[in-house]
Structure formats: C-alpha cells, structure tokens
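Please look through the structure shown here before reading on. The paragraphs that follow go from the surface to the core and then to the charged pairs.

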Amino acid sequence: MTYRRAAIPALAGGLLLTALLWWAGSSTNALHLPGTTGVIGGRATAELTTWLVPWSYDPPAALRIGAGTSAGIGESAEADSSRYLALYATAMQIRFGAVFAFFVPGALLLVRRLPPVHGRMPAALLALWAWGMVAGTLAVTVSTPWLIASHGRGSYRFLPQLAGMISSGRQVLVATALVAATVTVLAARVTAKGAGPLLQAVVPARAARLAATAGTAVIALSLVVLSYHPVAAAIQTVSPDGGFFAEPGELLRVWLLLGAWAVPEGGPIGSWLLYRAADVLLLAVVWWVLRRLPGLLTRVTVPAMAVGAVCATVLGLLASQLLRLATDGSGLRWGLLHLSGVLGSGVPAALTWGLVAGVAAAVTLRVTVGRAESADATAAVKGTARPWNRPGRA
C-alpha cells in the first residue's frame with residue numbers, strides 16, 4: 001500500500017483518538033455534579049476522576065487559587081497564578097498535540113506494512129490498538145515537564161514526579177485506542193481497494209522461529225531478570241548526588257521493568273505458580289506474535305519489526321493483566337472498577353524493550369535467511385557442477 005493510501009486512515013485514527021481523549025477529559029466535570037456520587041457511588045466516582053483528570057483541560061482547584069504563590073500578595077500573586085494557569089494550558093495543548101503527532105507515523109507504518117486485507121484484519125486491529133496506547137503514553141511523557149512546572153514545584157524531586165505522572169491516564173487509553181484502531185482499520189480497508197495485490201513476505205519457518213526466540217529473550221530479560229525484587233530494588237535506589245536530575249531510580253523502574261516478582265516465601269506454591277502464569281502468558285504472546293509477524297508484513301523491515309514488537313509486548317501485557325484480573329480473589333471485595341485500574345500499565349517499559357526486541361528479531365531473521373540463501377546457492381552450484389566432475393569425463 002502506498003503512503004498516500006495509508007495516510008488517510010492514519011490521519012482519521014489520529015484525529016479520532018485525540019478527540020476521544022479530549023471528550024473524556026471534558027467529562028470530568030460531570031463527575032462533580034451533586035447527584036453523581038449517589039448514582040454510581042463515591043468509590044467509583046473517585047476512581048473515574050483519577051482516570052480522567054490527566055486528560056482534563058480544567059486545572060486542579062489548588063492551581064486555580066494560586067498554588068505555589070503564597071509569597072505573593074495582591075496583583076503580584078494574581079499575576080503568578082495566571083502564569084501557572086498558562087503553563088497548565090500549555091501542557092495540555094502539548095499533550096493533545098503529541099497524541100496526534102505520535103499516533104499518525106506509527107499508524108502510517110502499520111497500515112502500509114500490515115494492511116487489513118487477506119486475513120490481516122485482526123492483526124492490524126490489535127497492532128493499532130496497542131500503538132494507540134503507546135502514543136498516549138508518549139504524549140503524557142513529553143507534556144509532563146510543563147505540567148510539573150505549572151504546580152510551582154518543578155525543581156523538587158523532578159524525576160520522581162515525572163515517573164509518577166507518566167503512568168497516569170492509561171486506563172482511558174485502553175478504551176479510546178481500541179475505538180480509534182477500529183476506525184483506522186475500517187478506513188484502511190476501504191482505501192486498500194484497488195491498490196493492487198498486497199503480497200505477504202515469504203519467510204522460512206526456521207528463521208521466523210529463531211527471530212521470535214531472540215526477540216522474546218530480550219523481553220524476558222526485563223520480565224525475569226530485572227523485575228526480580230532484589231534487582232528491581234537496586235535499580236530503584238539509584239541516586240546520584242544532588243542536582244536537578246537526582247533520584248532517577250523511579251524513572252528507570254518505569255521504563256525498564258515489565259513486572260515484579262520474588263521467590264515464594266511462606267505461601268502456597270500453587271498460588272505463586274498461578275500468579276506467575278501471567279508472566280508466562282506475556283512471553284507466549286510475544287513469541288507467537290513475533291513468529292507470525294514476518295509472514296504478515298508486506299515487506300520485512302527493521303522499523304516494521306520494531307513497531308510490531310512494541311505492539312506485541314503491549315498486547316502481552318494486556319493479556320497478562322486480564323489473566324491476573326480473572327484469577328485475583330479480591331475482585332468481590334474491591335470491585336471490578338478498582339481492579340481494572342491496572343490495565344494499561346507497563347507501556348513505557350514495553351516501548352523500551354519492544355524496540356530492542358524488534359531490532360534483535362529483525363537482525364536474527366536477516367542473518368538466518370541470508371545464511372539459508374547462501375547455503376542453497378552453494379548447494380545449487382555444487383549440484384550443477386557434479387555431472388561435469390564425474391570420473392571418465394574430460
């Protein structure tokens with residue numbers, strides 16, 4: 001599919017995702033109406049408010065009354081408050097603009113290399129869904145410094161504040177990204193008509209398995225090695241002396257760790273194994289997607305494999321989180337809304353390791369296929385030369 005045909009669904013999906021997030025943020029005011037708590041309950045109202053506030057243009061109440069400006073009086077305090085409110089508005093403008101800016105290039109690449117035709121529609125839908133969550137997470141990341149500055153405490157533990165805010169608003173992304181991905185796939189299916197044959201890449205099964213294994217091994221490094229409690233604690237406690245960028249441990253944990261686990265101590269081994277089944281599911285999803293991905297792409301390239309591996313890791317995280325929700329016995333106690341708050345977590349680490357896994361898989365695939373082609377060429381040359389080297393011939 002050409003870039004011109006792929007651009008239309010990518011732009012449509014980006015606009016819809018941005019509009020849905022803006023609408024979700026604007027709905028925060030409805031949660032503060034007098035009858036809302038009585039209808040859906042106080043706990044549900046608090047949970048939904050936490051989900052929607054990161055996408056709301058309305059500044060917090062503390063910021064509206066001039067937080068961080070208590071030293072000012074009169075016109076000075078009012079001017080400082082206006083500056084902080086302007087910073088907050090700038091942060092939200094950057095956030096919504098970044099959602100569109102990050103979604104469109106990834107969707108353009110996915111629609112072009114993974115067009116939703118010839119049995120690729122489910123794969124394209126899942127990939128675009130995962131990429132929508134990645135785009136939202138990146139948008140929150142790049143806009144957070146302005147948001148921190150708008151609260152008047154940008155110099156206080158900047159990196160821990162950044163780490164805490166990066167994970168906000170992810171629950172809304174799970175739903176809005178799915179809607180945007182559906183519209184993008186449907187639009188891409190329409191624009192793909194008349195585009196000519198969209199062939200699939202021919203990849204040897206052995207090469208695809210080796211590439212998937214190499215990529216999964218990279219994901220396992222984060223999930224099994226770095227996420228082990230003693231190692232994760234060492235990462236989180238990294239703290240250079242002083243400075244604006246001191247205490248990077250929490251930020252490293254957000255971008256490097258896909259989970260957290262420890263050896264069973266005092267509890268039944270069956271419960272521990274059941275909890276670890278989610279990690280096994282994550283790795284299984286990543287391996288299966290990377291195994292199938294080269295055969296689904298119209299052309300196997302490093303960018304396509306890297307973005308595909310990121311989407312595979314995000315989908316694996318979602319699958320593992322859904323399994324934990326299904327096997328968690330505290331659902332009746334806390335309620336489904338509270339438990340579903342874990343959905344969408346780990347996307348920054350999935351982006352980090354997914355890119356590395358995709359590059360590793362692409363390199364492994366290229367080396368393996370290259371060796372196989374060289375071996376076939378050598379065998380073909382030997383096969384044609386053998387009759388001329390028989391005994392008795394001149």
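A helix here is a DSSP run of at least four residues, and helices are numbered from the N terminus. The model is a predicted one. With that in mind, the count of elements is simple: the protein chain has 16 helices and zero strands.

Start at the surface. The protein chain exposes about 19400 Å², and carbon and sulfur atoms supply 68% of this area. One nonpolar patch on the surface is formed by V302, V359, V363 and V367, which together have about 270 Å² of accessible area. Helix α16, residues 347-385, gives the most to this patch, with three residues. V363 is found in helix α16. Is V363 buried, partly exposed or exposed? Its relative accessible area is 44%, so V363 counts as partly exposed. The reason is that the partly exposed class lies between the limit for buried, under 20%, and the limit for exposed, over 50%.

Now turn to the inside. Buried residues make up 44% of the 394 residues in the protein chain. In soluble globular proteins, nonpolar side chains tend to be buried together. The largest nonpolar core in this model has 96 residues, and those that touch the most other members are L21, W55, W129, M133, V134 and I219. Helix α6, residues 121-150, provides the largest share of this core, with 14 residues.

For the chain as a whole, consider the contacts with a separation of 6 or more: residues 24 or more positions apart account for 81% of them.

The last topic is charge. Side chains of opposite charge can pair when their charged atoms come close. How many salt bridges does a search of the whole structure find? The search finds four. One of them joins E247 and R157, with the closest N and O atoms 3.2 Å apart. E247 lies in the loop between α10 and α11, while R157 lies in the loop between α6 and α7, so this pair ties together parts that are 90 residues apart in sequence. E247 is partly exposed, with a relative accessible area of 30%. R157 is partly exposed too, at 33% relative accessibility.

R157 also meets E250 in a salt bridge, at 3.6 Å from N to O. This pair links distant parts of the chain, since E250 is in helix α11 and R157 is in the loop between α6 and α7, 93 residues apart. E250 is partly exposed, at 30% relative accessibility. Taken together, R157, E247 and E250 are linked in a network of salt bridges.

Another salt bridge is formed by R324 and D279, whose closest N and O atoms are 3.1 Å apart. R324 lies in helix α13 and D279 in helix α12, so the pair ties together parts that are 45 residues apart in sequence. D279 counts as buried, at 11% relative accessibility.

Technical notes:
Residues are numbered from 1 along each chain as its sequence is written. This is a predicted model: local features need pLDDT of at least 70, side-chain atom pairs count only at pLDDT 80 or more; totals for chains, interfaces and linings use all residues. Side-chain values use heavy atoms; hydrogens and water are left out. Patches are made of residues with over 30% relative accessible area and no salt bridge: like charges are joined within 9 Å, nonpolar side chains (Val, Leu, Ile, Met, Phe, Trp, Tyr) within 5 Å. Accessible areas come from the Shrake-Rupley method with a 1.4 Å probe; for residues, only the protein chains shown count as cover. A salt bridge is a side-chain nitrogen of Lys or Arg within 4 Å of a carboxyl oxygen of Asp or Glu. Helices (H or I, at least four residues) and strands (E, at least two) are DSSP runs, numbered from the N terminus. Buried means under 20% relative accessible area, exposed over 50%, partly exposed in between (1.4 Å probe, protein chains only). A nonpolar core is a set of buried Ala, Val, Leu, Ile, Met, Phe, Trp, Tyr and Cys residues joined through side-chain atoms within 4.5 Å. Contact means heavy atoms within 4.5 Å.
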